[in-house]
Amino acid sequence: MASSTAQAAPTRYEAETSPAVCSGTIDSNWSGYSGSGFCNGANATSGYAQLTVNASVSGTATLGVRFANGTTTARPASLVVNGSAVQALSFEGTGAWSSWATKTLSVPVNAGSNTIRLSPTTANGLPNIDYLDFEIGGGSQPPGGIVGWATQAGGTTGGAGGATVTVSSFADFRTQAQASGARTILVNGMLSGSGTVEISANKTIRGVGANSGISGTTLNIEDMRPANVIIQNMNIRGVRGNDAIQIESATHVWIDHNTMSSTIENDPDFYDGMLDITHGADYITVSWNVIRDHWKTSLVGHSDGNASEDRGHLRVTYHHNWFNRTFERGPRVRFGETVHVFNNYYSNVNHNSASYAIASLMDAGLLVEGNAFENVQQACWSASGYGESDPGRLVARNNSLTNSGPCETNGTVAPLPYNYTADNVSTVKSSVTSGAGAGKL
Ligand code: GCU
Ligand code: CA
């Protein structure tokens, strides 16, 4: 599967080319360099080299640093990304100043521009630095990294920087999820619980393998701005009478590569929402999930009367999700703008004449692009309103409708502030059905 969001090949940034900064001199007296020279940093702790790189998405990037150290003493340095030291390095001797070697490193980066500084930690200074190769993504399937609203206003990193713990009982899961501080929680096995787990800030919750997850409990992300929570690779079941995931007055959440499923009962209220986003929640990306066999799929904005809290917020990106037999609210949005729904695959949203995929209501603004709808009763509602709710705005482009009712459009919506690439809709069904859900990371 082609990756639309990853950079396919590394980009080379020469140490002698602005906006790179060399705290020393740009030299060309030792052969074998690329470009027009290399950075010979001052032999002092102040003699740094800094490159500015551009990342198409946030995530973990691979760096290749080409260097020469003609001495026999390794030169240690600190790797500083966007002003924060992330790793200690050591540049061993290469045998000669004209013998160049490449050191490969992994670093976290934000989407957009990032500074990467090599800062020597002894008075010997740095080795000579030729260039930095930078790559993020790389095309292994499925694409990694966050796209969309969760990258904005500081981004979403979950438990990055904290400890990693593995839990295999529901009690341990609850304890870890509710503990304060950054943490990556690996969920091992299908853990069944009850009540609500109040996830605290700066957490990544990630299932182990294809068959781990949570049932019987509401995962609640509430009253944290930012929450900075990532939920990934989990099997999540609908909860009788309650939401499965509830994001309420919380920002910066990434829901990625989960399989969320229920059963179709005669009563649409047997389960409540699968993924509900309410009370001015903001900066959320929902990507590469399978959501199936559920009625009240994803509500964004819970009430027609909640404009004062919700207007200007509820910014959510849904991309590359597979909605199968989700009979309403995929999503149903009030007030939020711009909610971006792209490259999703909707199938069999056709339980009865009221079934629909997407609704924009109460002056919400939705951009619906490059989605494949197949056997969907009504792809989108907007100008007509829905239920008691007034119309919202909706711009549709490049969608495909197969045996499906129309995607109703209405008016214009605000432009999106982030970079993304929408796949051609002809590839969406196959990329989403092969890449979405738990077990695909
Ligand atoms: C020599 C060499 C430089 C190098 C320096 C150093 O002067 O010519 O290219 O930068 O040693 O020790 O850092
Ligand atoms: Ca030097």
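Predicted model: local features only at pLDDT ≥ 70, side-chain atom pairs only at ≥ 80, totals over all residues.
**Entry 1: ligand 1**

The side chain of Asn-40 has an N or O atom 2.8 Å from an oxygen atom of ligand 1. For Asn-43, I found a polar side-chain atom 3.0 Å from an oxygen atom of the ligand. Asn-128 places a polar side-chain atom 2.7 Å from a ligand oxygen. I then looked up the area: ligand 1 taken alone exposes 320 Å², and the protein buries 73% of that.

I listed the residues around ligand 1 as Trp-30, Asn-40, Asn-43, Arg-75, Trp-97 and Asn-128. By class, this shell holds 2 nonpolar residues, 3 polar and 1 charged.

**Entry 2: the calcium ion**

Which atoms coordinate the calcium ion (ligand 2)? I found OD1 of Asn-40, O of Gly-41 and OD1 of Asn-43, at 2.2 to 2.7 Å. Along the sequence, these donor residues follow the spacing N-G-x1-N. I noted that Asn-40 and Asn-43 are also among the residues around ligand 1.

I traced an open sheet of 5 strands in the order S2-S5-S10-S7-S8, with antiparallel pairing. Its edge strands are S2 (21–22) and S8 (84–91), each of which pairs on one side only. I followed S2 to strand S5 (residues 49–55), with which S2 pairs in the antiparallel sense over 2 bridges. The bridge partner of Val-21 in S5 is Gln-50.

Key: Residues numbered from 1 in each chain as written. Chains lettered and ligands numbered in written order. Heavy atoms only, no water. Donors = N, O, S within 2.8 Å, 3.2 Å for Na, K, Ca; no water. Pairing = 2+ DSSP bridges. Helix = DSSP H or I, 4+ residues; strand = E, 2+ residues; numbered from the N terminus. Near = heavy atom within 4 Å. Polar contact = N/O pair within 3.5 Å; in protein donor to acceptor, adjacent residues only side chain to side chain. Areas by Shrake-Rupley, 256 points an atom, 1.4 Å probe, with all protein chains shown as cover. Nonpolar A, V, L, I, M, F, W, Y, C, P; charged D, E, K, R; others polar.
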